[in-house]
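Please read the points below alongside the sequence and the coordinates.

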Amino acid sequence: MMPGKKFLVLLSILAVHAPMMDRACAGEASFADMVRHADRSRGHDLADGMCSDCHTFDRGGGAMIGPNLYAVQGRPVASAPDFNFSPALRAHRPQVWTIDTLSTWLKNPAAFAPGTRMAFDGLTNDRDRADIVVYLASLSDGKE
Ligand code: HEC
């Protein structure tokens, strides 16, 4: 028996759309999910291990190799006072640090800002990155 024409049409619609649906579910949506369910205190521990050689996180903390990161979410890129940012990062200044821009940056700093002075390979593990960006987002007045 030959498959009906309707069946074939349905099949081709699925073949075209299934990969797109897959990507939507497995990609962005699942990172958003990880952010929603992120573990802030795990992010704190990860940041202590991976970032604290170069960054301070407390309010009024000084710049080290990198700028202080207190209240980084919501401020324009490369706008921390008392820090001499690279031209590469300054070129992003009209942008603001959000969960999304922080995640893109931390996933691959050299891709986000080619020529950046942040000597950090990038954090490709989505769950680790989600926990860290949620920890960063918690560092501001009224949220501690
Ligand atoms: C080896 C030192 C080093 C490490 C490790 C490092 N950073 Fe950085 N970071 C820097 C430097 C230097 C800059 C400034 C880069 C520039 O001007 O191009 C920077 C910039 C940043 C900025 C932009 C700040 C702003 O005000 O625009 C963020 C956010 C940031 N780092 C987060 C992190 C996080 C989170 C980690 C750990 C996962 C980390 N960094 C690890 C050195 C480091």
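Two residues are taken to be in contact if their C-beta atoms, placed from the backbone, lie within 7 Å. The model under discussion is a predicted one.

1. Overall content. The secondary structure amounts to seven helices and zero strands, so the order along the sequence is written as α-α-α-α-α-α-α. The protein has 144 residues, of which 23% count as buried. Among contacts with a separation of 6 or more, 51% are between residues 24 or more positions apart.

2. Packing of α3 and α7. Two packed helices are described by the angle between their axes and the distance between the axes. Here the axes of α3 and α7 come within 7 Å and cross at roughly 95°. Since angles of 65 to 115 degrees count as roughly perpendicular, α3 and α7 are therefore roughly perpendicular to each other.

3. Residues at that crossing. Which residues of α3 meet α7? On the α3 side they are R40, R42, G43, H44, L46 and A47; on the α7 side they are D128, D131, I132, V134 and Y135. By class, this contact of α3 with α7 has five nonpolar, two polar and four charged residues.

4. D45. This residue lies in helix α3. D45 is partly exposed, because 13 other C-beta atoms lie within 10 Å. D45 and D131 are 86 residues apart in sequence, and their C-alpha atoms are 9.6 Å apart in space.

5. Nonpolar core. The largest nonpolar core holds 23 residues, and L102, I132, V133, V134 and L136 touch the most other members. Helices α5 and α7 each supply at least two residues of this core. The helix that gives the most to this core is α7, with seven residues. As for V133, leaving aside neighbours within four places in sequence, V133 is in contact with V35, I99, L102, S103 and L106.

6. Ligand shell. There are 28 residues around the ligand, and C51, C54, G66, S86 and M118 come nearest. Helices α3 (40-50), α4 (87-90) and α5 (99-107) each supply at least two residues of the shell. By class, the shell has 22 nonpolar, four polar and two charged residues.

7. C51. Among the residues that come nearest to the ligand is C51, found in the loop between α3 and α4. Is C51 buried or exposed? It counts as buried, because C51 has 20 C-beta neighbours inside 10 Å and the cut-off for buried is 20 or more. The C-alpha atoms of C51 and F120 are separated by 8.9 Å, although the two residues are 69 residues apart along the chain.

8. M118. M118 counts as buried because of its 22 C-beta neighbours inside 10 Å.

9. Positive phi values. Most residues other than glycine have a negative phi. A71 has a positive phi of about 55° although it is not a glycine, and phi of A78 is near 60°, also positive. A71 has its place in the loop between α3 and α4, and A78 lies in the loop between α3 and α4 as well. A71 counts as partly exposed because it has 17 C-beta neighbours inside 10 Å, whereas A78, with 21 such neighbours, counts as buried. A check of the backbone at A71 and A78 can start from these values.

10. G60. The loop between α3 and α4 also holds G60. How many other C-beta atoms lie within 10 Å of G60? There are 7, so G60 is exposed. G60 and Y70 are ten residues apart in sequence and 7.7 Å apart in space, C-alpha to C-alpha.

Terms used
Residues are numbered from 1 along each chain as its sequence is written. This is a predicted model: local features need pLDDT of at least 70, side-chain atom pairs count only at pLDDT 80 or more; totals for chains, interfaces and linings use all residues. A residue is near a molecule or strand if its C-beta atom, placed from the backbone, lies within 6 Å of it. Helices (H or I, at least four residues) and strands (E, at least two) are DSSP runs, numbered from the N terminus. Ala, Val, Leu, Ile, Met, Phe, Trp, Tyr, Cys and Pro count as nonpolar, Asp, Glu, Lys and Arg as charged, and the others, Gly among them, as polar. A nonpolar core is a set of buried Ala, Val, Leu, Ile, Met, Phe, Trp, Tyr and Cys residues joined through C-beta atoms within 7 Å. A residue is buried if 20 or more other C-beta atoms lie within 10 Å of its own, exposed if 12 or fewer, and partly exposed in between; C-beta atoms are placed from the backbone. Axes are lines fitted to C-alpha atoms, for helices over the stretch in contact, and angles run from 0 to 180 degrees between N-to-C directions. Angles under 35 degrees count as roughly parallel, over 145 as roughly antiparallel, 65 to 115 as roughly perpendicular and the rest as oblique.
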